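Thanks for coming. I will walk through one model today, and I will give the cut-offs as the terms come up.

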Amino acid sequence: EIRVNLDRHDAILPKSEQIYNEKYIRGKIIRAVIKEVRRTTKEPEIILSRADANFVRRLFELEVPEIFDNIIEIKTISREPGDRTKVAVMSHDKRIDPVGACVGMKGVRIQAVVRELNNEKIDIVHWSPDAEIYIKRAMSPVTPLLVMVDEDSRSATAVVPDDQIQFAIGRRGQNVRLASQLT
């Protein structure tokens, strides 16, 4: 665990809330979200997190003014800290493309978030109320040929071309796991 100095108080960044491939240097400023505050007899114990999905949400709020102003809404985030994150976004203004606004001109906005997350890959998906369309978008970089949604059991079956099956599953099942968490 790492002790972080917050002006008058010390905070704790436990190993479970760190990104596994990051190295921390004494005296360097780090960004994190406050995950929990525990009451103790002496002073409150502040628990920080860099692995939580809310950390990604807050980074996007800092970099994308449309998210901060609630023009674009982050619907869901699925994350494997240090490897990949999928973010579903929607726009409350039909004139604004939510994915384009999050990426920014020449990728400037998303690159700032990626740098802060130590080059973690981020997929931004346009959210849709239609389950079939949303699942097709969440499976990116692969586009399924067919998606069959069973509302009763809250499950879906996606059919992908044989030559793209490895991309649909992803390395160690990561893509399909994140897509299922996202949807």
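**Salt bridges, sheets and surface**

A salt bridge here is a side-chain nitrogen of Lys or Arg within 4 Å of a carboxyl oxygen of Asp or Glu. R38 is partly exposed, because its relative accessible area is 38%, and E36 is partly exposed too, at 35%. For those words, buried means under 20% relative accessible area, exposed over 50%, and partly exposed in between, with a 1.4 Å probe and protein chains only.

Two remarks on the source. This is a predicted model, in which local features need pLDDT of at least 70 and side-chain atom pairs count only at pLDDT 80 or more, while totals for chains, interfaces and linings use all residues. Residues are numbered from 1 along each chain as its sequence is written, and side-chain values use heavy atoms, with hydrogens and water left out.

Now the whole chain. The protein chain has 7 helices and 9 strands; helices (H or I, at least four residues) and strands (E, at least two) are DSSP runs, numbered from the N terminus. Its C-alpha trace spans about 60 × 35 × 35 Å along the principal axes. Of the 183 residues, 38% count as buried. The accessible surface of the chain is about 11600 Å², and carbon and sulfur atoms hold 50% of that. These areas come from the Shrake-Rupley method with a 1.4 Å probe, and for residues only the protein chains shown count as cover.

Back to charges. How many salt bridges does a search of the whole structure find? The search finds 16. In general, side chains of opposite charge can pair when their charged atoms come close. One of the pairs is E22 with R50, at 2.7 Å from N to O. This pair links distant parts of the chain, 28 residues apart: E22 sits in the loop between strand 2 (9-13) and strand 3, and R50 in the loop between strand 4 and helix 1. Are E22 and R50 buried or exposed? E22 is buried, with a relative accessible area of 12%, and R50 is buried at 3%.

Another pair is E61 and R58, with a salt bridge of 2.8 Å from N to O. E61 and R58 are separated by about one helical turn, because they are 3 residues apart in helix 1. At 23% relative accessibility E61 is partly exposed, and R58, at 41%, is partly exposed as well.

Next, the sheets. Strands pair if DSSP finds at least two bridges between them. An open sheet of 4 strands runs in the order 1-2-4-3, with mixed pairing. Strand 1 (2-6) and strand 3 (33-38) are at the edges with a single partner strand each, so one side of each has no neighbour in the sheet. Strand 3 pairs with strand 4 (residues 45-49) in the antiparallel sense over 5 bridges. V37 is placed opposite I46 in strand 4.

A second open sheet has 3 strands in the order 5-6-7, again with mixed pairing. Here strand 5 and strand 7 are the edge strands, each with a single partner, so one side of each is left without a neighbour in the sheet. Strand 5 and strand 6 (residues 84-91) run antiparallel and are joined by 8 bridges. I77 faces V87 in strand 6.

E80 belongs to strand 5 (residues 72-80). E80 counts as buried because its relative accessibility is 15%. Which residues does E80 contact, leaving aside neighbours within four places in sequence? They are E120, Q174, R177 and L178, where contact means heavy atoms within 4.5 Å.

Helix 4 (residues 108-116) has I110, A112, V113 and V114 as its buried residues. Their cover includes helix 1 (53-63), helix 3 (98-103) and strand 7 (121-126). Just after helix 4, N118 has a positive phi of about 60°.

Last item: V159. V159 lies in strand 9 (residues 155-159) and is partly exposed, at 34% relative accessibility. Together with L145, L146 and M148, V159 forms a nonpolar surface patch with about 360 Å² of accessible area. Patches are made of residues with over 30% relative accessible area and no salt bridge; like charges are joined within 9 Å, and nonpolar side chains (Val, Leu, Ile, Met, Phe, Trp, Tyr) within 5 Å.
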